[in-house]
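Please work through the exercises below with the sequence and the model side by side, trying each task before reading its solution.

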Amino acid sequence: MRLLDFCGDVNAYKRIIFTINIEIHCSTCGALMVYHACYEVTYKSNEIITKIIILRYKCKKCNVTHALKPEFLASRHQYDTFQRQKYILQYNDISKGPISLRRLCCKLFPSLPVSHTVMYYWVRVVTTKKAVIEPLITKEIQEYSPSCDISSELLPEAEAIPSWIRNKEYSKDVTKIINWSRIYIRTTAAFRDNKISDLNIRPFIYINRILDILTAHVFL
Ligand SMILES: [Zn+2]
């Protein structure tokens with residue numbers, strides 16, 4: 001799977017998908033990949049349920065094929081990436097107190113019924129993947145800035161969490177958020193300064209890199 005920034009939303013995507021000029025290169029040998037096939041999938045969001053065409057490209061040298069997925073459907077799931085992401089983030093946001101899968105569904109997908117099994121799967125699969133992906137991303141980032149000792153730099157900030165926050169889980173999460181924000185800011189700043197990447201405006205390039213590392217076919 002490769003993620004491409006085709007355009008903004010699903011309607012625009014449907015209009016341009018057969019006319020757009022796509023130039024992608026094989027991640028193994030660098031050769032230009034060519035159109036191979038296409039297939040239809042269902043796309044569901046709170047606004048629309050529709051069928052969309054997914055293109056498949058092939059490297060003729062290596063014989064590998066990649067489905068070219070738009071960012072708004074960046075996985076094998078049928079539901080909009082960003083709406084699903086919002087759902088999982090809110091479900092896991094313990095600072096707002098526990099909320100049931102069903103209640104959150106009514107809040108975020110008022111016009112789209114989602115089965116309990118599907119919602120549970122979203123949450124479960126993210127937890128499993130996070131455990132695998134987190135150390136890999138950290139390792140990658142640390143390779144970009146090898147001289148930074150991230151943990152010692154962040155210690156004062158972690159200790160600055162107000163003492164009135166008694167909940168250990170919450171403190172741990174806040175610390176993690178601070179860590180990730182700092183890592184993100186530092187990394188994107190390095191990219192900006194060196195002008196070696198357009199990570200800021202095209203984050204899917206970085207996501208593709210992570211997917212390559214994992215040779216995974218699903219994201220989130
Ligand atoms: Zn190739």
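**Exercise 1: the sheet**

In strand S3, the bridge partner of Lys44 is Ile49, where strands are DSSP runs of E with at least two residues and helices are runs of H or I with at least four, all numbered from the N terminus. This is a predicted model, in which local features need pLDDT of at least 70 and side-chain atom pairs count only at pLDDT 80 or more, while totals for chains, interfaces and linings use all residues. Residues are numbered from 1 along each chain as its sequence is written.

Solution. S2 and S3 pair in the antiparallel sense over 10 bridges, two strands being paired if DSSP finds at least two bridges between them, and they form a hairpin with four residues between them. On the way to S4, S3 pairs again in the antiparallel sense, over four bridges, and Leu55 has Leu68 as its bridge partner in S4. The four strands form an open sheet in the order S1-S4-S3-S2, with mixed pairing. S1 and S2 are the edge strands, each pairing on one side only, and the twist averages 30° from one strand to the next, taken between N-to-C directions of axes fitted to C-alpha atoms, with angles running from 0 to 180 degrees.

**Exercise 2: burial and the core**

Task: how many of the 11 residues of S2 are buried, and which residues make up the largest nonpolar core?

Solution. A residue is buried if 20 or more other C-beta atoms, placed from the backbone, lie within 10 Å of its own, exposed if 12 or fewer do, and partly exposed in between. In S2 (residues 34-44), the count of buried residues is one, so by this definition the strand is hardly covered. The largest nonpolar core holds 10 residues, namely Leu3, Leu4, Met33, Tyr43, Leu55, Tyr57, Cys59, Leu68, Leu73 and Ala74; such a core is a set of buried Ala, Val, Leu, Ile, Met, Phe, Trp, Tyr and Cys residues joined through C-beta atoms within 7 Å. S1 (2-4) and S3 (49-58) each supply at least two residues of this core. For Tyr57, leaving aside neighbours within four places in sequence, the contacts (C-beta atoms within 7 Å) include Met33, Tyr35 and Leu68.

**Exercise 3: two loop residues**

Task: is Asn63 buried or exposed, and where does His77 lie?

Solution. Asn63 lies in the loop between S3 and S4, a hairpin with six residues between the strands, and takes a positive phi near 70° there. Most residues other than glycine have a negative phi. Asn63 counts as exposed because 8 C-beta neighbours lie inside 10 Å. His77 is in the loop between S4 (65-70) and helix H2 (81-92), and is partly exposed because 19 other C-beta atoms lie within 10 Å. The C-alpha atoms of His77 and Val41, 36 residues apart along the chain, are separated by 9.6 Å.

Definitions and conventions
Contact = placed C-beta atoms within 7 Å.
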